[in-house]
Amino acid sequence: MKRTTIYLTFLILLLPFIAQAQLAFENKIFRIIRKESYDKALVYGNTKLARLGTGKKYYKRAIPYYLGIGLVHKKAGNYKEAEKSFYEAYNILNYKQKKKLYIKNVDFDVLDELGLMYLETGNFVEAKDLIETSIRLRKKRFEATNLLRYRPYLAYGNYYYKTGQADSAYFYFQKYLLYIKNSNHTSKQELNRYADTYKMLAELELGRYNLKKGLRFAKQNKKWQFHKWTRKEAGKNNLNKIIALNLLSEAYRLKKDYRSSLT
């Protein structure tokens, strides 16, 4: 446990430099979304798509804009429009594969985001297929030390959690945590997912009445949800801090530690 804490502390010190390097390659639409300027993100994305036309430039650059627009609609609960945008991106990804065009790192996120949306809407068969496709393609693309190779494992754990397969869910959540700890490509965005994984593990173990584990995971979830980089990545109106506190309180309550549950 000490070793993990030392590693993550060292990682956090490096995050400003990692983030600065990544920022140069990140599409502006995602930065707008993180500022929670959703209307602005929609206008920006649609304007950019209109300017791309339908030629080579469109297939090279369109995916991030469709992905960003889809994320905004998904956040608003407008799943029909989100699916439409994600599918445009998905079709371009398939075209790039077919024509052997270069696939950018962000292009793979389409599979995960569409898969996660299907998990939210109960379309588990489609979700599993997309997540497994993402795992397969990323395995071909990224080296073993690159966390981008393992990002779908969190979604895969989520799939098993939502379909009532607790042991498989636990396996993939733990596997994802292990890859975060051992990766040398971790970014501040991954700390947000790191916190979310602890949340899922806490809910899973509390649901199985493994209270000692559940409490431990709930404490880790609170710790990382309140970290400054996690808060910055999740946006100013992020509700995860409140969820983390409620989850920790519930863990104490189930253990009949009522005093701690109130603090």
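Trainee: Why is arginine 253 called partly exposed?

Mentor: Its relative accessible area is 39%. Buried means under 20% relative accessible area, exposed over 50%, and partly exposed in between (1.4 Å probe, protein chains only), so arginine 253 at 39% counts as partly exposed. The model is predicted: local features need pLDDT of at least 70, side-chain atom pairs count only at pLDDT 80 or more, and totals for chains, interfaces and linings use all residues. Residues are numbered from 1 along each chain as its sequence is written, and side-chain values use heavy atoms, with hydrogens and water left out.

Trainee: What makes the contact of glutamate 250 and arginine 253 a salt bridge?

Mentor: The N to O distance is 2.7 Å. A salt bridge is a side-chain nitrogen of Lys or Arg within 4 Å of a carboxyl oxygen of Asp or Glu, so the pair at 2.7 Å qualifies. Both residues lie in helix α13 (residues 240–254), three residues apart, about one turn of the helix. Helices (H or I, at least four residues) and strands (E, at least two) are DSSP runs, numbered from the N terminus.

Trainee: Why is glutamate 250 placed in its accessibility class?

Mentor: Glutamate 250 has 30% relative accessibility, and therefore counts as partly exposed.

Trainee: What makes glutamate 132 and lysine 128 a salt bridge?

Mentor: Their closest N and O atoms are 3.9 Å apart, so the pair falls within the 4 Å cut-off. Glutamate 132 and lysine 128 both lie in helix α7, four residues apart.

Trainee: How do you know that aspartate 109 and arginine 138 form a salt bridge?

Mentor: The closest N and O atoms of aspartate 109 and arginine 138 are 2.8 Å apart. This pair links distant parts of the chain, with aspartate 109 in helix α6 (residues 109–121) and arginine 138 in helix α7 (residues 124–141), 29 residues apart.

Trainee: Are aspartate 109 and arginine 138 buried or exposed?

Mentor: Aspartate 109 has a relative accessible area of 16% and is therefore buried. Arginine 138, with a value of 0%, is likewise buried.

Trainee: How do you know that the span of α7 agrees with expectation?

Mentor: The expected span of a helix is 1.5 Å times one less than its number of residues. The 18 residues of α7 should therefore span 26 Å, and its end C-alpha atoms are 26 Å apart, which agrees.

Trainee: Which helices do the buried residues of α7 pack against?

Mentor: They pack against α5 (79–98), α6 and α8 (152–162), where contact means heavy atoms within 4.5 Å. The buried residues of α7 include Leu130, Ile131 and Arg138.
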